[in-house]
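Reader: I have just opened this one and would like a slow walk through it. Could we take it topic by topic?

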Amino acid sequence: FTTARYTLFLDVLCIDQTSNDTKRKGIEKLGAFLRNSEVMIALYTDMYLQKLWTVFELASFLALHPIKHLVIMPVFKARAY
């Protein structure tokens, strides 16, 4: 009997946005979250590569993992798992 266990990190929810100090502390830990992630799923919109934050996350993940661990999914095709 095997049970699957998934851990999900959503930057907008997991990095406290209530103050610049707590946001900075969360951003400082982003590398640890990305390093411990097996897969990154990027929900892509036309704005995705126009925001420095999402480009930073994508580049950081790819610096730590092979590209085959990256899934780009257009938002109009996204579905809940």
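Reader: To start inside, which residues make up the largest nonpolar core?

Author: Before the answer, please keep in mind that this is a predicted model. The largest nonpolar core has eight residues, namely Leu30, Leu34, Met40, Ala42, Tyr48, Leu58, Phe61 and Leu70. Three elements, α3, β1 and α4 (52-64), each supply at least two residues of this core.

Reader: What share of the contacts links residues 24 or more positions apart?

Author: If you take the contacts with a separation of 6 or more, residues 24 or more positions apart account for 53% of them.

Reader: Now the surface. Which residues make a nonpolar patch there?

Author: Val39, Ile41, Leu43, Val71 and Val75 make a nonpolar surface patch of about 400 Å². One of them, Val39, sits in the loop between α3 (30-35) and β1 (40-44).

Reader: Is Val39 buried, exposed or partly exposed, and why?

Author: Val39 counts as partly exposed because its relative accessibility is 49%, and the cut-off for exposed is over 50%.

Reader: I also noticed some histidines. Where is His65, and is it buried or exposed?

Author: His65 lies in the loop between α4 and β2 (70-74), and with a relative accessible area of 14% it is buried.

Reader: What does the His65 side chain reach?

Author: The side chain of His65 reaches the backbone oxygen of Ser37 at 3.1 Å. Leaving aside neighbours within four places in sequence, His65 is in contact with Leu34, Arg35 and Ser37, and of these Leu34 is also listed in the largest nonpolar core.

Reader: And where is His69 found, and what is it in contact with?

Author: His69 is found in the loop between α4 and β2 as well. With neighbours within four places in sequence left aside, His69 is in contact with Glu38, Val39, Met40 and Phe61. His69 is partly exposed, with a relative accessible area of 26%.

Reader: How far apart are His69 and Ile41?

Author: They are 28 residues apart in sequence, while from C-alpha to C-alpha His69 and Ile41 are 8.6 Å apart in space. Ile41 is one of the residues of the nonpolar surface patch mentioned above.

Reader: Changing topic to charges: how many salt bridges does the structure hold, and which residues are linked in a network?

Author: The structure holds three salt bridges, and Asp21, Arg24, Lys25 and Glu28 are linked in a network of them. In general, side chains of opposite charge can pair when their charged atoms come close.

Reader: Which partners does Asp21 meet, and at what distances?

Author: Asp21 meets Arg24 at 2.6 Å, N to O, and Asp21 also meets Lys25 at 3.3 Å, N to O.

Reader: Why are Asp21 and Arg24 separated by about one helical turn?

Author: That is because Asp21 and Arg24 are three residues apart in helix α2 (residues 20-28). Asp21 and Lys25 both lie in helix α2 too, four residues apart, which is about one turn of the helix.

Reader: So what about Glu28 and Arg24?

Author: The side chains of Glu28 and Arg24 meet in a salt bridge at 2.7 Å, N to O. Being four residues apart in helix α2, Glu28 and Arg24 are likewise separated by about one helical turn.

How values were computed
Residues are numbered from 1 along each chain as its sequence is written. This is a predicted model: local features need pLDDT of at least 70, side-chain atom pairs count only at pLDDT 80 or more; totals for chains, interfaces and linings use all residues. Side-chain values use heavy atoms; hydrogens and water are left out. Contact means heavy atoms within 4.5 Å. Patches are made of residues with over 30% relative accessible area and no salt bridge: like charges are joined within 9 Å, nonpolar side chains (Val, Leu, Ile, Met, Phe, Trp, Tyr) within 5 Å. Accessible areas come from the Shrake-Rupley method with a 1.4 Å probe; for residues, only the protein chains shown count as cover. A salt bridge is a side-chain nitrogen of Lys or Arg within 4 Å of a carboxyl oxygen of Asp or Glu. Buried means under 20% relative accessible area, exposed over 50%, partly exposed in between (1.4 Å probe, protein chains only). A nonpolar core is a set of buried Ala, Val, Leu, Ile, Met, Phe, Trp, Tyr and Cys residues joined through side-chain atoms within 4.5 Å. A polar contact is a pair of N or O atoms within 3.5 Å; within protein, one must be able to donate a hydrogen and the other to accept it, and residues adjacent in sequence count only if both atoms are side-chain atoms.
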